[in-house]
Amino acid sequence: MTEKWLYDIETFPNFSSFTFKNPDTEEIKVFAIFKHRDDRIELCKFIDREILLIGYNNISFDGAILVYLLENISNLNITKELFDLSQRLISDDSRCDGRITKLRYPKNVKFKQMDLLKIMAFDKVGVSLKQIAINLKWHKIQDLPFAYDKKIKDEKEASIVLKYNLNDVLISEKLYKRIQAEIELRKDLSEIYGVDFTNASDSKIANLILEDIYAKETKQDIREIRDLRTERDNVSLKDCIGQNIEFQTKELNHLKQYIENIVVRKENGFKYKKKLIFGNREYEIGIGGLHSVDDARLYKSNENYIVLDQDVSSFYPNIIINNKICPEHLGKTSVDILEKITKERINAKKSGDKIKAAGLKISANAYYGKFGFDSYWLYDPKALLTVTVSGQLYLLMLIEALNLAGIEVISANTDGVIAKIPNHLKEKHKEICDWWQKKTNFELEFTEYETYARSDVNNYVTKKTTGEIKSKGRYVTEVDLKKGYNHPVVAKCLYEYFINNKPVKQTLSENKDILDYCMSQKMGKDFMLEYHYDDKIENLQKTNRFYVSTKGGTLIKHHTIRDNNIGILVGKKVQILNNYSEDFPFESYDIDFDFYEEEANKYIQEVIPDNTEYNYIFSENDESNYIENPETEEDNAARNELLLSLEGIKNLNTDIVGNLIRLNKEFTENDFLDMLIYAEENHLISAKFSDLIKIGYFSKYGKNKKLLAIFDEFRNGPNKYTSKLSEKSKAKRLLALKETWKNIPDKSLSISEQINADIKILGKLKSNFDGLNKRYCYVEDIGNAYGSKRTNIKLYCLANTKSQEFKIWVASLRYNDIDNETGKKVSKSLNIGDVIYCENFSEEYAIKYINGEKTKTDKKEWWLNKYTRLSEKDIDKIDIL
């Protein structure tokens, strides 16, 4: 058996440390190069043999340092050289450096490497080892104890680094043991396919298996295929509709016609989006597939109906197979190969070959996604769109048939639907599903839920009649290693409440794990996290773990460049818990249990029990089937006008729109705080108000920065107002809120804040800044040059919201800037989303080539000749006349 060692390396200008641990024997080896200690000979003997070195990001960093050390073992100033190399390794330019590539992927070293970061694809989501440590509930969260370029002065400081070094190795060891199933899968797949999967992510496994199978089936060298792509500037969705898609209602036939008229373009990412209301349910369709817009609700199967999940088995792979969808440059052979993969997977599953079945499942499920990767040989946007467009229409066929039969669909998401099946319609339901499966050649898998509690389509928990639990989003009690850490105890409270009917207080009283109450915060390079307590300010490390306490200090996120502060958990006290000991008594942590109870209840109170007593009825062209509460013509007109004005806002469901219409009709005063109280008391308020404030929907009440501040106080501050408070508490809190409201300056968001809000909430810039010089513009789009010396740039005028395209020299897209870290002048490229001041325009005759010669035409075009790119700090200094 190959000897295995987990390891980590630290480099400083005059100090290098190398720590190894054997996970099988628990043996630890430490090597260092510092002053009078020089272990390089022993270190090189240790690694220059056939062993497996396991680390985190070690292929890109630690392993390259070891290779360099082996090649330069006798260099006198080796610590400085290793330090300089470490800085090159973390540079963005390292990928283009051939010398670095040779160090990372050496051909003549004896040791092999396993990179835990690459296996789990943590590099794709930017998860650091420190965040992994928090997610693994590691006892010590520690960033590098000294500045990266510090010269270590003595043995005491060296000892601190060595302890830090060992801590990272131990964290890596815990991760290594946690993901043993993934590691073993890769080992077994390597033996089956004769391909080294040791450091392959799931996506890479799919790539390698697909390449292996495709090359063998077509008897081609895969190297001849890897550069193939089908590039498209636009795609007509009329050409992306699968076979056997037919609708029975006028509404969905109109939808199909609408989709057939859409042409999507590469410059917009081939995106499209459409909302529709059908059978009392709102749906969104687009490049990501079909999704229902679900309200927060609790469903339970009972004596009158069952809650049933109808999931399409291997939906996307079977859409490809049934419709012979293939990249244009590969032809139908690629479909035959996917069909073979699917059949082999089924046979492997039946024969008990779990490893091969798992590998083929990864490949089959990833096949569709590869159509959208322009770096992969399956790339063809039309193939990708044909899968998603067809998929959502196939599902709508099923939804339509169920609705027409009187069966209510309560949710839909990409590859399945959940419905309430009344007892008297069970046979009818079976008949519909059999018809749909035969018509489409898909197979449905049925799961009956005893309980289905949801906040929305992506946050829910279900209990099957078999007792099995399935959860997603905020209801997941297991910590996702790829995400931030956010008080798992709240998810456990939700789980226990909806699945086991356990009160929140009881769950909290029974949970004695302090780490379940913790949260994490990682700072970007321009921020410093400050801990304010007892008139003192402590600058914390970049990654921190903390919990809400009845004692302690407050957290402030300080922007070191803009010199402004952002409060974290405003109004709450926290305690930092980067160092945790099991010996410390749980009762001594001074946990603010009220905070965690409120957090859990905030979600629980949103979930409305489904108490529908009547039979669900749907009939085509009946207005009442499209909106749960029938509206007047005036309401309908208001709804259409509102939806038009708020087009683009994410997750703006029909309930919120209906509540806004009611609010506009019923509340006629001009005080924003009074409006919030009215909305809360009448259950019309929503967290979405925050987005609406930012984009100016409530501008009649004042400037949006002030409105945003009081809304946050109203919903989350120490004087939080809810309709469930006693009258005495309401009066007291209202008095405090009015005082706060009076003292908040009447200001708007800064220009940069407003731009960022528009883009995040609407997906596009919509605001205008009256009085601003019209030469200030936002870069909406930059054309593809494709080797040309000139291209197009689309600018949005911040003063009047008008957009216009200009010609620009490609060379002019580069500008000089100062690097924040080095202070040196660097050349950067203008990007979409930048704000510029346009200094010089010109109108010139367009040029075209006739018989290879440049010729002026009669057509004129505008050119942008000179501009200045503004930083966020510059933007907020702009004077508005």
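**Helix packing and loop residues in the predicted model**

Helix α22 passes helix α24 in a right-handed crossing, the near helix being turned clockwise from the far one by less than a right angle. Helices here are DSSP runs of H or I with at least four residues, and strands are runs of E with at least two, numbered from the N terminus. The structure is a predicted model, in which local features need pLDDT of at least 70 and side-chain atom pairs count only at pLDDT 80 or more, while totals for chains, interfaces and linings use all residues. Residues are numbered from 1 along each chain as its sequence is written, and side-chain values use heavy atoms, with hydrogens and water left out.

The axes of α22 (residues 672–681) and α24 (residues 704–716) come within 11 Å and cross at roughly 40 degrees; axes are lines fitted to C-alpha atoms over the stretch in contact, with angles from 0 to 180 degrees between N-to-C directions. Phe672, Leu673, Leu676, Ile677 and Glu680 of α22 meet Leu707, Ile710, Phe711, Phe714 and Arg715 of α24 (contact: heavy atoms within 4.5 Å).

Gln142 lies in the loop between α7 (129–135) and α8 (155–178). Gln142 is buried, at a relative accessible area of 16% (buried is under 20%, exposed over 50% and partly exposed in between, with a 1.4 Å probe and protein chains only). Beyond neighbours within four places in sequence, Gln142 is in contact with Lys130, Tyr164, Asn167 and Gln541.

Glu26, in the loop between β2 (15–21) and β3 (28–34), has a positive phi near 70 degrees and is partly exposed, at 41%.
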